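I opened this notebook to learn a protein I had not seen before. My plan was to go from the whole fold down to single pairs of side chains.

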Amino acid sequence: MATRLQAFRAPVDARSQLIHGDLTGNVLFAPGHAPAIIDFSPYWRPVAYADAIVVVDGLLYHQVGARLVDSAVPGAEGAQMLLRALIFRLVALGVLAGPGGALAEEELIRFTHVSQFVEEWIGG
């Protein structure tokens, strides 16, 4: 699946900076307090990449739809960041499964659906 997704990559011209590469689930909210960011995962990537990771997590695990994608990662650059974020999540899940480890069927189904969505989103 990752190999297929990589075929859709195109060059992007976006400035990189220090970002949090895993915001989903790592922001704490409490009434009357500013949000607290925990478990900092530093990456040198474009800001849109951090946004795309949150969107991919939403697509995979929180039933968000195209409306979030369009508002959070718009345009061709956003589509490319979304693609890269999906590849990142897929590879990270494979690493967590370990050598010879198999992904759970429900994970494969999730990634298949989101992969198809992303391919359509970028015009594949």
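My entries follow, from overall layout to salt bridges.

**Ground rules.** I am reading a predicted model, where local features need pLDDT of at least 70, side-chain atom pairs count only at pLDDT 80 or more, and totals for chains, interfaces and linings use all residues. I number residues from 1 along each chain as its sequence is written, and side-chain values use heavy atoms, with hydrogens and water left out.

**Layout.** I counted elements first. The protein has five helices and four strands. Helices (H or I, at least four residues) and strands (E, at least two) are DSSP runs, numbered from the N terminus. Their order from that end is α-β-β-β-β-α-α-α-α. The radius of gyration is 15 Å, close to the 14 Å that the globule rule gives for 124 residues, so the protein is as compact as a globular protein of that length. That radius is taken over C-alpha atoms, and the rule is 2.2 Å times the number of residues to the power 0.38.

I then looked up contacts, meaning heavy atoms within 4.5 Å. Of those with a separation of 6 or more, 69% join residues 24 or more positions apart. I also noted that 31% of the 124 residues count as buried. Buried means under 20% relative accessible area, exposed over 50%, partly exposed in between (1.4 Å probe, protein chains only).

**Helix H2.** H2 covers residues 47-61 and reaches 22 Å from first C-alpha to last, close to the 21 Å expected. The expected span is 1.5 Å times one less than the number of residues. How many residues of H2 are buried? Eleven of its 15 are, so I marked it as mostly covered. Among them are Tyr49, Ile53, Val56 and Asp57. The cover includes S1, strand S4 (42-46) and helices H3 (66-72), H4 (75-97) and H5 (105-121). After H2 comes glutamine 63, with a positive phi near 50 degrees.

**Helix H4.** The 23 residues of H4 should span 33 Å, and its end C-alpha atoms are 33 Å apart, which agrees. Its buried residues include Met81, Leu86, Arg89 and Leu93. Helix H1 (2-6), S4, H2, H3 and H5 are among what covers them. Glycine 98 follows H4, and its phi is positive, near 85 degrees.

**Salt bridges.** I found five. Each is a side-chain nitrogen of Lys or Arg within 4 Å of a carboxyl oxygen of Asp or Glu. Side chains of opposite charge can pair when their charged atoms come close.

Aspartate 57 meets arginine 89 at 2.7 Å, N to O. Aspartate 57 is in H2 and arginine 89 in H4, so the pair ties together parts 32 residues apart in sequence. Are these two buried or exposed? Aspartate 57 is buried at 5% relative accessibility, and arginine 89 is buried at 16%. I also listed a network of salt bridges that links Asp22, Asp57 and Arg89.

Next I checked H5. Arginine 110 bridges to glutamate 106 (3.9 Å, N to O). These two are four residues apart, about one helical turn. Arginine 110 also meets glutamate 107 at 3.5 Å, N to O. Arginine 110 is partly exposed at 26%, glutamate 106 is exposed at 52%, and glutamate 107 is buried at 14%.
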